[in-house]
Amino acid sequence: MTFVLIVITAVTAGWALAARRLERGHVRAPVVLVLAGVVTGVFTHSQIAVTLNSEIAQHVAEVILAVLLFVDATELPGGRLFGNAPGAAARTLLVALPLSLAAVVLLGTLLLPDLPAVVLLIIACIIVPTDFAPAETLVRDTRIPARVRDVLNVESGYNDGIISPVFLFALILAGSTSQAHTPMQALGTAVPFAAKALAVGVALGSLLAWLMMTADRRQWMTGPSRRILVLVTPLLVYTVTVAAGGNGFVAAFVCGIAFRYVRQTPARRHETQVPDPTDFRLVEDTSSIMTMCMWFFFGNATVLALTDGLHAPTVLLCLAALTVARIAPILLAFLGSDFTRRERLMIGALGPRGTTSIVFGLLAFNALPDGPSSDTALYAMTITVLASVLLHGLASTPLARRLTASASAVPPEKVR
């Protein structure tokens, strides 16, 4: 473990020293950390499975996911659930997302008939949610229409929070943490988890935000203390919820929404106190470091998963999840909207997979019984994220340029 920490910190330091120069060549932090993880994994291959499939690794992944969910829920202006395009975001989250999950499960029954449907649902939850970690420049690329970037940003921020209850329900149904053997038995376990999570997340998120504003008005806080409070909030909410027998992931996500909403209340009322945008800087930087660690361990997982070569049916399922099972539901969901056909295609094509898939994949690898189910979950995560890094990471700028060039070729009278 000491050797691994040395490699992670050294590579991260090296990337930080040359970040601007590397990004000019479209070489971003995830790519660097993945390569470091792969190289390290080649020399420590016999220890990878033991490291990844351990209680410590599971708890670390859980904490990282809780922080990422909190950060995602706080990043939209004003804490609005659907951003600047509520109708379009609702189409992606409430229509296209379930359709993509269903499409992957259905396709999985054809390609991987030996796996139970519940395991296919777990795999779908791993490889469907989008995350802009490997292609973060896409949401800042001004060549892409602003409303397309807004929809993509909202979707990547909230789809993991929406999918996490489904993912945990499927894990329970698969028998990972209970003896539930039917959907009703699994619901009987999952629903109380979710109810407690909602209560704790809303209560603690609102309370901590209110206490923060009150202490700020009385000048009890400093800039660093505000940032520290924001950082410990998701950790406190997650641990309290787990101790109470609730779903810590849902609690962290809901807490982020409540926290940001309450913090924005004075601004919405046009009062003098306006939240300091730097309050979230520490938690955002911390989540970035956590994300880098996950990309390194993803490189390790790649070595482990690809040891026995490529499994064609799983590869086809993963490629389908990145393409047709993503684009077709988006096109269906946006029927009747005022988005042009090219904008709909952009939303469907620009859907990278990243940290969320990695964390879900590692959690499934730990939680599922050893055997084909856990191995396939890790393998599917690896193939999907690798393909996404190539398609949406290294090729993100050329892809965006091609799509926007095609859009500009459409005659003005044909654009609604």
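Guide: A residue counts as buried under 20% relative accessible area and as exposed over 50%. The model discussed here is a predicted one.

Visitor: Which exposed residues does helix 15 carry on the face turned away from its buried side?

Guide: That face carries Val324 and Leu332, both of which are exposed.

Visitor: And which residues of helix 15 are buried?

Guide: In helix 15, which spans residues 324–333, the buried residues are Ala325, Arg326, Pro329, Ile330 and Ala333. Viewed down the helix axis, these buried residues fall within an arc of 125°, so they line one face of helix 15.

Visitor: Let us step back. How many helices and strands does the protein have?

Guide: Its secondary structure comprises 19 helices and zero strands. The protein has 416 residues, and 54% of them are buried.

Visitor: What share of the contacts with a separation of 6 or more comes from residues 24 or more positions apart?

Guide: Such residues account for 81% of those contacts.

Visitor: Now the packing. At what angle do helix 5 and helix 11 pack?

Guide: Helix 5 (residues 55–74) packs with helix 11 at an angle of about 30°, and their axes are 7 Å apart. The angle is under 35 degrees, so helix 5 is roughly parallel to helix 11. Their crossing is right-handed.

Visitor: Which residues make the contact between helix 5 and helix 11?

Guide: Helix 5 contributes Glu62, Leu65, Ala66, Leu69, Phe70, Ala73 and Thr74. From helix 11 come Phe249, Ala252, Phe253, Cys255, Gly256, Ile257, Phe259 and Arg260. By class, this contact of helix 5 with helix 11 has 11 nonpolar, two polar and two charged residues.

Visitor: How do helix 10 and helix 11 cross?

Guide: The axes of helix 10 (residues 223–243) and helix 11 (residues 248–263) come within 8 Å and cross at roughly 140°. Helix 10 and helix 11 are therefore oblique to each other. The crossing is right-handed.

Visitor: Which residues are involved there?

Guide: On helix 10 they are Val230, Thr233, Val237, Tyr238, Thr241 and Val242. On helix 11 they are Gly248, Phe249, Ala251, Ala252, Cys255 and Phe259. This contact of helix 10 with helix 11 has nine nonpolar, three polar and no charged residues.

Visitor: Where does Gln219 lie?

Guide: Gln219 lies in the loop between helix 9 (183–217) and helix 10. Its phi is near 60°, a positive value in a residue other than glycine.

Visitor: Is Gln219 buried or exposed?

Guide: Gln219 counts as exposed, because its relative accessibility is 71%.

Visitor: A change of topic: what about Cys318 in helix 14?

Guide: Cys318 belongs to helix 14 (residues 312–322). With a relative accessibility of 1%, Cys318 counts as buried. Leaving aside neighbours within four places in sequence, Cys318 is in contact with Ile127, Ala380, Ile383 and Thr384.

Visitor: How far apart are Cys318 and Val104?

Guide: Cys318 and Val104 are 214 residues apart in sequence and 8.6 Å apart in space, taken C-alpha to C-alpha.

Visitor: Finally, what does Thr356 contact?

Guide: Apart from neighbours within four places in sequence, Thr356 is in contact with Pro129, Asp131 and Asp160. Thr356 is found in helix 17 (residues 355–367) and is buried, with a relative accessible area of 4%.

Methods
Residues numbered from 1 in each chain as written. Predicted model: local features only at pLDDT ≥ 70, side-chain atom pairs only at ≥ 80, totals over all residues. Heavy atoms only, no water. Axes fitted to C-alpha atoms, helices over the stretch in contact; angles between N-to-C directions. Helix = DSSP H or I, 4+ residues; strand = E, 2+ residues; numbered from the N terminus. Parallel < 35°, antiparallel > 145°, perpendicular 65-115°, else oblique. Left-handed = near helix turned anticlockwise from the far one by under 90°. Contact = heavy atoms within 4.5 Å. Nonpolar A, V, L, I, M, F, W, Y, C, P; charged D, E, K, R; others polar. Buried < 20%, exposed > 50% of the residue type's maximum accessible area, 1.4 Å probe, protein only. Arc of directions from axis to C-beta.
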